[in-house]
Amino acid sequence: MALDSKVPKGPIKDKWTNYKNKIDLVNPANKRNIDVIVVGTGLAGGSAAATLAELGYNVKAFCFQDSPRRAHSIAAQGGINAAKNYQGDGDSTYRLFYDTVKGGDYRSREANVYRLAEVSANIIDQCVAQGVPFAREYGGLLDNRSFGGVLVSRTFYAAGQTGQQLLLGAYSAMNRQIGRGKIKMYNRHEMLDVVKVDGKARGIITRNLITGEIERHSAHAVVLGTGGYGNVFFLSTNAMGSNVTAAWKAHKRGAYFANPCYTQIHPTCIPVSGDHQSKLTLMSESLRNDGRIWVPKHMKDVEAIKAGTLKPKDLAEEDRDYYLERRYPAFGNLVPRDVASRAAKERCDAGFGVNATGEAVFLDFASAIQRYGKEQAHVKGLNENDAALVTKLGQEVVKNKYGNLFQMYEKIVDQDPYNTPMMIYPAVHYTMGGIWVDYNLMTTVPGLYCIGEANFSDHGANRLGASALMQGLADGYFVLPYTIGDYLSNDIRTGPISTESKEFEEAEKEVREKLNFFVTNEGKHSVDYFHKRLGKIMWNKVGMSRNVQGLTEAISEIKALREQFWKEVKVPGTNEEYNEELAKAGRVADFLELGELFAKDALNREESCGGHFREDSVELDGEQKGEALRDDENFAYVAAWEYKGEPSDAVLHKEQLEFNDIELKQRSYK
Amino acid sequence: MMNLTLKIWRQKNASDKGSMVDYKVSDISPDMSFLEMLDVLNEQLINNNEEPVAFDHDCREGICGMCSLYINGEAHGPDRGVTTCQLHMRMFKDGDTITIEPFRATAFPVVKDLIVDRSSFDRIQHAGGFISVNTSGNTIDANAIPVNKHDADKAFEAATCIGCGACVASCKNSSAMLFVGAKVSQFALLPQGKVEATDRVLNMVKQMDEEGFGNCTNTGACEVECPKGISLENIARMNREYLAASLKG
Amino acid sequence: MSGILNSSIGRKFAMALSALFLMIFLLQHFTINLLSVFSADAFNEVSHFMGTFWLIQYVLQPVLIFGVIFHFIMGFVLEIRNRNARQVSYAKNNGAANSSWMSRNMIWSGLAILAFIGLHFYDFWLPEINTKYIQGDMSGLLANGEFRYFEELQHKFVDIWRVVLYCIAFIFLALHLLHGFSSAFQSTGMNNKYSKGLQSFGKAYAIIIPLGFIFIALFHHFTH
């Protein structure tokens, strides 16, 4: 099947408006006869479910958590971008569009990104109307901050809990519709398959996680807002339950999976402390505004610090290597996420990691504390040469800016970051890849839609800070509810979809067989045993830096691990009860397939772009020597994979990316 | 490294009677989180062909509100300002016995082991935890109505509630008033929420009462145990809102 | 108002209002009793006025009795409902970690006070009612022509056991007030910048008033 992105014709700034004007609509009376399933209740799924219900559709919403409010969107800290230009600093729809495409290293679809920038301002209006308590200035108007190295202040925020506040906004909109009976909410339900009838997505099979009951749910269209697949690495900043299962089942039913190798590895996370670690914690990117990143220059100092005989703060200035400032004098500590992450890995691989595991670098606030302290002393007319006073004043300033993050660090690491530099290391954070969708956000399966992080569309090969929340809400509030009407307008005479068809029966049977296999298989290793091993392969060979040999090895190792999994996995308990191990087994089975496709995609993409860094595609000389090198001639396409059984058999389809409104350039931060 | 004795509530399902069962875990690192310690126990149980202990958890960074647990007689354990997933084992000593129970309240029935059903919280929100505004894309501009920063900050503080239920679990009366008070306050403090404030507080309190939560007697335990430090001030505000609404309505 | 009483917050509010009323009464009662320490005559005068003025006898006294009964009944209702809100109790509960003993044991301090009120009614109120409304003697005078109030008061505190019981009851009253005072304000929705000051005032009230009552009891015991 040839990929048709269905991007409307016309100038980019008019595409969405003109398209909306001509789109088929469903009249209100007919909407009452149409059912829509929404899987996932994060920013994308939650906002879509609420809006579809407001429009009059009958919505069934599903989440695996005990309440829709717990979806992992809740953990987003920094903020949400919107081209409001409230600060009058020259922001515009075009500039947000441009920044997003450039930040994504020119691997996203222009028309989708422009639309995203266009509706971004509406999101803020909508959320404020819902009662989302964004930060405000003393005049009572909304405050903004700058983020992720862009040139304007366009990020709206609610302290370090923006994701939480936006999600609770969407949740409240859902609550209103649940109360009205327009959304039927299914908590603690996991989607285990998509059901296709006559080639169209007409329902899903779910498992009630409390009772183990397998249920059939039908609808005229199915929307997936099921998030990213970062947990294929086992350790990531994702929630423990975040998984690829819904997306992967859709893939198996014919939805193409696009650019699986595009992964964002966030540079400022708390390092792994030992094998017991179950997840990683992010420290907001905003810390890099004031923190300086370094490792010791000399190996003897690294060893002394590890042995505890040398305190990091006692190491002389000239014996420190501020490697970001050294390598990227123009951007310094504020290079984009992918660049900062790779640079940390480079130092640690060379043996300069500063903690027991050798995988940590310092993020040091000492000079910021001195700088702020002197400033305060000057403002207050105190002695600028009194070192103790300056330190105290400086610490107060830093506390006001980052107090909650410092406290979180101290709780986890048990070190006081005011007096000793923080230790940080990159961690898997977000996946730009996902289910391929067209301009309508429909997958290659008719009637099956995919929104938010679960789809591939807007961030290209690298996502800018504060853009994930924007995309999730744009898709759910302002895009999907329009575009789905175009499809559903053909379904006004269809009537209710029966769940008694053979398609539902077969899908249910397959699901049951797999669950039965798990609970009856007499294996010897727990699910986590396999998940951790998969994570190790992914991190070591398909992580921040990739090469042909590693990727080839990863593919065969994952395949072997998958085979072992199906022989040796051990799942206690039964299907007819709450059984977390059983739920995990199904998720890890899918990660074991996705992981291989992920590596295959990374092997196929013989260029470095955004979060995907290939050691064989770097600048060979000149000022940029050693930096990532994109290959626009051969790889300016979306790699959409079609399922054909084994991941190794997956067929590649290319959607060629066209850049008519932005000129392609190599990124430089020197 | 620590060796610990765990006394854990085991209950097969909602209709099972349940009881406390003792377990031993060894080689626990003080750097582990409490849930990672339970992961160690579960791995051990699975390898011994026993059923792992069921507990709720998801984000493991203290924001989703999924994790619960009553640890040594306190919701989210002995540390302050943290959820169980952020509680670290360095709060305990080698040789300690730790009692782990589910959050207890009639309105939070046990589902299995340490997992409880908190859907009563959702139903309270369905009753009025929202501002009735449709998604349109042309609601009034976000800056059209300035909001006093003091009120906006207070509304935000109330809105940081993660809905974990620690307030109910800690309250000797199993009252949900801190939870409901926080939501009522968030909207009552904002101009856009004032329009339907009367109905909101009446409906939410009515639903809260129907769910079988107890009555607040102002012991303040909820505020102390709340991982997000939600203030009792929110309960007082709800009381005011409710009384005013009753007189009006 | 009856509709409100079916809601949790309404009950809480009613509990608080009756408490505030009882605290005002307590202050008035204390003031009059304190007079007995300084001047038997003044005490007699005021007691006679209080005991015979129609507004107090026929309006405020029934209101007070209603207030007391209401406060107790509501207290029991709430306690029962609150116990039902947790049918399985914790194997281990560390209430001391997050709340005061007083706040967790209002029912017990309240019951102690209820028992005391029984004794107190038996000691003073029932004889008063008997003298005034059954025997019809509204004069307030003894056979010797002097006011009887001070004499009766001193007489009651001769017995050391009664004094001890009274003192114990006043300690429970202090414990009850230590939580009850600020709790009543919180329940009525008052929690603002004055709350801190009000809390300190409440603490002082909760200690000074019962201590004063103890002093008065001891004073009469030893000066008799």
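Author: Here is the chain first, then one of its helices. The model is predicted. Chain C has eight helices and zero strands. From the N terminus on, its elements run α-α-α-α-α-α-α-α. Along the principal axes, the C-alpha atoms of chain C fill a box of roughly 65 × 40 × 35 Å. Chain C has 224 residues, and 26% of them count as buried. Take the contacts in chain C with a separation of 6 or more: 80% of them join residues 24 or more positions apart.

Now the helix itself. Helix H8 of chain C covers residues 195–223, which is 29 residues. At 1.5 Å a residue, H8(C) should span 42 Å. Its end C-alpha atoms lie 41 Å apart, so the two values agree.

Keep the helix geometry in mind here. An α-helix has 3.6 residues a turn, so residues three or four places apart point the same way.

Last, the neighbouring chains. Two pairs of chains are in contact, and chains A and B share the most contacts. No contact joins chain A and chain C. The closest C-alpha atoms of chains A and C lie 20 Å apart.

Notes:
Residues numbered from 1 in each chain as written. Chains lettered and ligands numbered in written order. Predicted model: local features only at pLDDT ≥ 70, side-chain atom pairs only at ≥ 80, totals over all residues. Contact = placed C-beta atoms within 7 Å. Helix = DSSP H or I, 4+ residues; strand = E, 2+ residues; numbered from the N terminus. Buried ≥ 20, exposed ≤ 12 C-beta atoms within 10 Å, placed from the backbone. Expected span 1.5 Å × (residues − 1).
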